[in-house]
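Welcome, and thanks for taking a look at this one with me. Let's walk through it part by part.

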Amino acid sequence: MKITSAADLKSRQKIGLQKIQPGKPRIAVGFATCGIAVGGNKVYERLKVIIEKNGLDIDLTRVGCIGYCKEEPLVNITIPGKPLIILHKVTEADAEEIVRAVQKGEVPYDKALCRVPAWDHGTGCTLAYGDGFTKIPLYEKIPFFKAQKKVILRDAGLINPEDIDEYIAVGGYAAAMKALAGMDSEAIIKEVEKSGLRGRGGAGFPTGLKWRITRDAKADKKYIICNADEGDPGAYMNRNEMESDPHMLIEGMIIGAFAMGAAEGLIYIRAEYPLAIKRLKLAIEQAREYGLLGKNIFGTKFSFDIAIATGAGAFVCGESTALVASIEGRTGRPHPRPPRLTDIGGGLFGVPTDLNNVETWCNVPVIISNGSGWYSRIGVKGNTGTKVFSLVGKVDRVGLVEVPLGTSLNTIVFDIGNGGALGKKVKAVQTGGPSGGCIPVRLFDTPVDYESLNNVGSIMGSGGLVVMDEDTNMVDIARYFINFATGESCGKCVPCREGLKHSLLLLNRILAKKGTKKDLETLALLSDTIVATSLCGLGQTAPNPVLTTLAYFREEYDRLVKP
Amino acid sequence: MDETTLDEIISRYNAPSGRLLGILREIQDKEGYIPRESLEMLSEKLDVRRSQLYSLTTFYSYFSLTPVGDHVITVCMGTACHVKGAVEILQALEWMLGIKSDTSQDGKFSITTEDRKFTLEIARCFGACSMAPVLRVDGNLYGYATKEDLPAILAEYGWEP
């Protein structure tokens, strides 16, 4: 069935709502990669057996992940007229008890994490669940969730990502319809510009401007690409965004393609994410079936389709020109810019190409739905909207955290993350992956925005926040990243290829306690040279972990070297 | 990989975008490595130089040119895993399997036991950082891994002390 009118979308929405709130109990198991790995699949299978064996009138489904990774496996329960209850640390052995309680219109209290009487799905769609179970704390009282603001993750863990109807139920594809039926290219681009949205891959380039440049490039054919290569070690925001809500990404790309006049889109995704690939493929097929991808979308004259290209494990392919080379079937070696991707001759197969990160695309539907005014009030001036971070490493509450830009590191690491794991003292946080830096705890009042992180020597990056505690050896961390960057250097330019190798040798010597003060000076000088003379962003930022640890944790180096 | 299977894989890639890496990925996923014969066949069929295919398989870390054992153990070396002791996990596995880290001829960390039962590899990051340190055996992820967990995990795949 093709959706060609607002009425069609409405009737699909009704069908979807029937699935989320079926008028009978629904048990939903968190089913993203990590939820499955820690036993979510066993919980699901066990529940299935029990429900089927007893012929119970209970819906069982799989949803994405709400992000509280520490408490996985997560299961949520909806009983008509009652609040949605999130259960945590559920095991196979709990399945019987869960089903028994649900049959009686109850929930297992000892497994309950929190209750959700109503959930705002952000695009004018609030789902009311009900009241009751007042002994279970409210969602917004849970410290991990309290300081968060869910915009991108608004559906994650609550809808079935493998069912397009559930996405439509919570307001999905309404923004695409609004854009295609009632807006022109200029209106959409203006709206994205006014929202202040900046590239979530880490560089922070204004998205609206990039769209404008691509649209204005004089060419018959244009491509849009989604960068889903997520190569930063310690980061998995994009994986969850795709596994939990793949249609949000697709909807963002439809709107972007329409605004820029592109007929073909590509999602460049790393091969290490098989579940995300599977769900995206399924989502693309479902969208085609409903006439949301392919010829004459929503019955309009606009046609657009999306294909998937897989990456094969090369960090440098996050660099735009290398990424394009990789899709073309070449080794991912960057070339100097200009020409930029948006230029004629610079993009995929020489065609002007717009490249945005997964999370950037995911921001688009809500901007079109709620307007740039609504969006730009989130965050701070110049850094609007929210950002999803993967808060991991030696922090107590690991998980995916979404906060308005401008939130301080203190709030993220201590209020949301509850400080060090096992009661250890937090020493630093590493942001931005191999291109970022280590920020010491005394600078944790730094607001997390593009400029403030640059000012302390790090970068926003794609959103990995790796916490280090008192036991972490910062020189070892510097070596870890330089070792990584040495292995991932494409080898094209000398500063990166040779400079990083010699940085690694110096760090090895220092860690073996054979280094001297002179070696530290050489290391600093070499790092500055690599920054100044490398060809692409990977080389220019690779020494950041060394430079920041030298600046903030110099005493750890000094302790290791001979005078 | 026989010719029919390869033809079937190739037939699913009509557009040039993502074609070469996609086909190579499917060969890698099916065989556990990229056999030389498959590369040669692919080169003929697509009229792409062998040197270009060789360059791709050695540039991208997802591909391996050396045959692997019955079970492939991959240790995640992402940042979160690193700070939570991935190196110790790797060393413990080397000790248990009686092998020593080495890089194979294509410059990648991949080492197989003499009886060809296990191959030990490392990965840059699985993106499962919340349950660091993580390892994967034949596609199954094991999170919050400790050295003490390893014998039981490996025993599932027929490892004997």
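## A loop residue in chain B

B:Asp47 sits in the loop between α3 (36-46) and α4 (50-59) of chain B; helices (H or I, at least four residues) and strands (E, at least two) are DSSP runs, numbered from the N terminus. Its phi is near 55°, a positive value in a residue other than glycine. B:Asp47 is exposed, with 6 other C-beta atoms within 10 Å. For this term, a residue is buried if 20 or more other C-beta atoms lie within 10 Å of its own, exposed if 12 or fewer, and partly exposed in between, with C-beta atoms placed from the backbone.

A word on the model: it is predicted, so local features need pLDDT of at least 70 and side-chain atom pairs count only at pLDDT 80 or more, while totals for chains, interfaces and linings use all residues. Residues are numbered from 1 along each chain as its sequence is written, and chains are lettered from A and ligands numbered from 1 in the order in which they are written.

## Chain B as a whole

Chain B has seven helices and five strands, and from the N terminus on they follow the order α-α-α-α-β-α-α-β-β-β-β-α. Its C-alpha trace spans about 50 × 35 × 25 Å along the principal axes. Of the 161 residues in chain B, 40% are buried.

Chain B also has a cis peptide bond, from B:Ala132 to B:Pro133, with omega near -10°. B:Pro133 belongs to the loop between β3 (118-123) and β4 (135-137) of chain B.

## Where the chains meet

In the contact between the chains, 39 residues of chain A meet 33 residues of chain B; two residues are in contact if their C-beta atoms, placed from the backbone, lie within 7 Å. On the chain A side, the elements giving two or more residues are α2 (33-53), β10 (305-311), α12 (320-327), β14 (386-393) and β18 (464-469). The largest share, four residues, comes from α2(A).

By class, this side of chain A has 21 nonpolar, 13 polar and five charged residues. Here Ala, Val, Leu, Ile, Met, Phe, Trp, Tyr, Cys and Pro count as nonpolar, Asp, Glu, Lys and Arg as charged, and the others, Gly among them, as polar.

## Two loops in chain A

The peptide bond from A:Arg337 to A:Pro338 is cis, with omega near -5°. A:Pro338 lies in the loop between α12 and β11 (353-357) of chain A.

A:Lys513 is in the loop between α18 (494-511) and α19 (517-533) of chain A. Phi of A:Lys513 is near 60°, a positive value in a residue other than glycine. A:Lys513 counts as exposed because it has 10 C-beta neighbours inside 10 Å.
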